[in-house]
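The sequence and the model are shown first, and the description follows.

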Amino acid sequence: MCLDERQYVGSEGQIWTTPDELRQQHQADIREEEPGLTGIGMKPSFAIGQRALLLETPDGNVLWDCIPLLAEEMVSFVRSRGGLAAIAISHPHYYASLVEWGSTFGARVYLHQADSRWVMRQDPCIHFWSGEECELLPDVNLLRLGGHFAGGTVLHWRGGEKEGTLLSGDVVQVVADRRWLSFMRSYPNYIPLSSAEVQAIRDRLEPLKFDRIYGAWYDRVVASQGKEAFRRSAERYLAALRGLHAGD
C-alpha cells in the first residue's frame, strides 16, 4: 500500500506498532454527530486520524469505515447500542483492523470486489460485493463511485433528521471550507481525478437525496444543503480542469 502512487513512505521510513501498543497509547474518542449517528475515533490522533461512524437503524446497526484501534470502551459502547449487523468500508486506506472489528461483533465486512487485491489478511468475515449498488439494510445502500480507488464506495442513508445523509469517507472529500467538496486520486501526492471520473461521480449521485455529508474526520461535515454543495463543487472542479477559476 505504501508503495502505491496514492501513498508514500515518510522521510524516517516505515514505523510499525501492534494492537496492544495502540491500546496502551490511545483511547476511544466517541462523539454523537446526530441522533442515530455516532463517531468512533481515537485520541491522541493516529496516522491520518480518520474516525468511523456508527449508524443506528431500526433494522440493525452499521459501522461505516474503520480505525486501527479496537478498545474495550468502543466494544462496550457498540454493544450497548445493539451491536453490528454489518461493517462497510469506503476504500483500502481505511481497511485498518477490519478483521478484529468483524470478528469481535460477528459482523460481515462489506468491501467492493474491485479493491480485493488490497486485502492483506483474508478472513471469513469479509464479503466482497460487486456491481454499482448494494443494499445493506432498508434505507441503507452502498454505492460504488470509483475515483479515489476503483471500488471507492459511499453510503447513502435515507433516514436521519432531514432528507437523507451521505457518508463519503474521502471518496468525495469534505474540504477545509465545509461549504465545498473535492475529488482526488491521491491527496498527499496531489494527483487529481480526470473530468470523466468526476462527471461519472456527479451523474451517479445526482438521483439521490441527501442534506448532510459526513467526511472521514470529525470536523469535515457539510451540515446542510449537502446536495447543492456537491453539485456546485463538481462544477467548480470541472471548470478548474478547463482552466476557469471564479474571481480571476
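## Basis of the description

Helices, of at least four residues, and strands, of at least two, are DSSP runs numbered from the N terminus. The structure is a predicted model.

## Helix α3 and its surroundings

Helix α3 covers residues 98–105, and its buried residues are Leu98, Val99, Trp101, Gly102 and Phe105. Viewed down the helix axis, these buried residues fall within an arc of 165°, so they line one face of α3.

Several elements pack against the buried residues of α3: the strands β2, β4 (60–64), β5, β6 (108–112) and β7 (126–129), together with helix α2. Just after α3 comes Gly106, which takes a positive phi of about 60°.

## The six-stranded sheet

Six strands form an open sheet with mixed pairing, in the order β8-β9-β10-β11-β16-β17. Its edge strands are β8 (133–137) and β17 (221–222), each of which pairs on one side only. In general, the strands of a sheet pair through backbone hydrogen bonds, in either a parallel or an antiparallel sense.

Strand β9 (residues 140–144) pairs with β10 in the antiparallel sense over five bridges, and Asn141 stands opposite His156 of β10. Strand β11 (residues 165–169) also runs antiparallel to β10, to which three bridges join it; here His156 stands opposite Leu166 of β11. The pairing of β11 with β16 is parallel and comprises four bridges. In that pairing, Leu167 has Tyr214 of β16 as its bridge partner.

## Strand β10: which residues are buried?

How many of the five residues of strand β10 are buried? The strand spans residues 153–157, and five of its five residues are buried, which leaves β10 mostly covered. In a regular strand, the side chains alternate between the two faces of the sheet. In β10, Thr153, Leu155 and Trp157 point one way, while Val154 and His156 point the other way, and all are buried. A residue counts as buried when its relative accessible area is under 20%, so each residue of β10 falls below that limit on whichever side it points.

## Salt bridges

The whole structure contains 16 salt bridges. One of them links the side chains of Glu56 and Arg81, with N and O 2.7 Å apart. Glu56 belongs to strand β3 (residues 52–57), whereas Arg81 lies in the loop between α2 (72–80) and β5 (86–88), so this pair ties together parts that are 25 residues apart in sequence. Arg81 is partly exposed, at a relative accessible area of 36%.

Another salt bridge is that of Arg202 with Asp203, whose closest N and O atoms are 3.5 Å apart. Arg202 is partly exposed, at 21% relative accessibility. Glu206 and Arg231 form a further salt bridge, with an N to O distance of 2.6 Å. Glu206 lies in the loop between α4 (195–205) and β16 (212–215), and Arg231 lies in helix α5 (residues 226–241), so this pair ties together parts that are 25 residues apart in sequence. Glu206 is partly exposed, with a relative accessible area of 32%, and Arg231 is likewise partly exposed, at 36%. Elsewhere, salt bridges that share partners join Glu34, Asp211 and Arg212 into one network.

## Backbone features in the loops

The loop between β2 (37–43) and β3 contains Pro44. The peptide bond that joins Lys43 and Pro44 is cis, with omega of about -5°. Ala47 is found in the loop between β2 and β3 as well, and its phi is near 55°, a positive value in a residue other than glycine. Ala47 counts as exposed, at 69% relative accessibility.

Where does Tyr190 lie? Tyr190 is found in the loop between β14 (184–186) and β15 (191–192). Although Tyr190 is not a glycine, its phi is positive, at about 55°. The relative accessible area of Tyr190 is 66%, which places this residue among the exposed ones.

Key
Residues numbered from 1 in each chain as written. Predicted model: local features only at pLDDT ≥ 70, side-chain atom pairs only at ≥ 80, totals over all residues. Heavy atoms only, no water. Salt bridge = Lys/Arg side-chain N within 4 Å of Asp/Glu carboxyl O. Buried < 20%, exposed > 50% of the residue type's maximum accessible area, 1.4 Å probe, protein only. Pairing = 2+ DSSP bridges. Arc of directions from axis to C-beta. Contact = heavy atoms within 4.5 Å.
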